[in-house]
Amino acid sequence: MGKKRRPQTKAVTPQITDGEVPVVGAREPCPCGSGRRYKACHGRAAAHAVTELVQRPFEGLPGECDWVALRELVPAATAELSLKGGLPEGVPSVTLATVLPMAWPALRRDDGSILLGLQNDTASGDLSRDLADTLQRALVADPGTPVAAGRAPADGPRLQDLLDPTASFEPTVHSGFEFWIEDAENATGEVAASLERANAAAIPTARLAGLSGAYWCDAGEKNHLRWVMDHPEEKLLDALARLHAADASSLGEGTRLVGSFRAHGLVVPVWDLPTDLTAEEITKPATEFGERLAEALASDEPLTPAERRARGGLTNRQVTLS
């Protein structure tokens, strides 16, 4: 015999939407009135929303590649953010920052302006929703106060709901974290010491002019170019393999495409560079590589045996950051 099914009650339950259901203990009755435990009713959807990983949290935002780079690659950078409908009264500006003092999620400055931290641990699998929740709380925080970490509601807005989709996203890379303080030149005591420690740990980094998502860095023993690209992964790996097999994947003498990694759903090819090669000097070769890559991306020809071997080598050296 089949397993008996629990009879369904015909009692009328209150009309409560998901967004109105309060979070209670997992084993307590669900407040929607269904008669089931919370974890088996509305808690199931809430838990799924909290844990489900959004592979591309910045998809649909202007400058997705640069959002990923600022989250994973760049020590010190800022970018002005534009909100849908404009800034509320008393908020002169909203600025995205790679990291803030004490790893604060956000800071409302004395003048009402907001710094939103990007490189923070988040409570759910949707980085965009967590950042949007922090931004909303920062907009109503008292001036001169940091914003504490919190848990975003499962049905809360995402950055894509709050930010102006027509505004450009232009990061500014800094050599240090002086942007933390409005008068950094006159900082003294522990503030000055904290700045000095943070600056000493920052890897020198620069954004390549005119190339979205492309960042040079000085890693000590060698320099690198790390280039976040939003092309479909399989198509991009095929194109990189075509160029690699044709000895066209380097950026000039002493440079080498060494592999790639994934970050927030995008592929990031990485090149080793000589230590004396600056960001300004690598910009032209990188631009020319971008033109070769565009041609390779346009090809629909099957990979040759040499290109398949090159692709296998690139794939074997690929890692996932997030």
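# A guided tour of the chain

Of the 322 residues in this chain, 43% count as buried. Keep in mind that you are looking at a predicted model. Colour the chain by secondary structure, and you can look for 8 helices and 12 strands. Among contacts with a separation of 6 or more, 60% are between residues 24 or more positions apart.

**Stop 1: helix H2**

Select residues 64-72, which form helix H2. Is this helix mostly covered or mostly uncovered? Mostly covered: 8 of its 9 residues are buried. They are Glu 64, Cys 65, Asp 66, Trp 67, Val 68, Ala 69, Leu 70 and Arg 71.

**Stop 2**

Which residues does Trp 67 contact, leaving aside its neighbours within four places in sequence? Show Phe 58, Leu 61, Pro 62, Leu 81, Leu 96, Leu 118, Leu 159, Leu 163 and Phe 169.

Now widen the view. The largest nonpolar core has 39 residues, and Phe 58 and Trp 67 touch the most other members. Elements giving two or more residues to this core include H2, strand S1 (77-81), helix H3 (127-139) and strand S10 (256-263). Another core, of 27 residues, lies apart from this one; select Ala 206, Leu 225, Trp 271 and Leu 277 to find some of its members.

**Stop 3: where H6 meets H7**

Next, select helix H6 (residues 233-245) and helix H7 (residues 279-297). Two packed helices are described by the angle between their axes and the distance between the axes. Here the axes come within 9 Å and cross at roughly 115°, which means that H6 is roughly perpendicular to H7. The crossing of H6 and H7 is right-handed.

Show the side chains at the contact: H6 brings Lys 235, Leu 236, Ala 239, Leu 240, Arg 242 and Leu 243, while H7 brings Phe 289, Arg 292, Leu 293, Ala 296 and Leu 297. What kinds of residues make up this contact of H6 with H7? There are 8 nonpolar and 3 charged residues, with no polar ones.

**Stop 4: where H6 meets H8**

On the H6 side, select Glu 234, Leu 237, Asp 238, Leu 240, Ala 241, Arg 242, His 244 and Ala 245. They meet Ala 306, Glu 307, Ala 310, Arg 311, Leu 314 and Thr 315 of H8. The residues of this contact divide into 7 nonpolar, 2 polar and 5 charged.

Definitions and conventions:
Residues numbered from 1 in each chain as written. Predicted model: local features only at pLDDT ≥ 70, side-chain atom pairs only at ≥ 80, totals over all residues. Heavy atoms only, no water. Buried < 20%, exposed > 50% of the residue type's maximum accessible area, 1.4 Å probe, protein only. Helix = DSSP H or I, 4+ residues; strand = E, 2+ residues; numbered from the N terminus. Axes fitted to C-alpha atoms, helices over the stretch in contact; angles between N-to-C directions. Parallel < 35°, antiparallel > 145°, perpendicular 65-115°, else oblique. Left-handed = near helix turned anticlockwise from the far one by under 90°. Contact = heavy atoms within 4.5 Å. Nonpolar A, V, L, I, M, F, W, Y, C, P; charged D, E, K, R; others polar. Core = buried A, V, L, I, M, F, W, Y, C linked by side-chain atoms within 4.5 Å.
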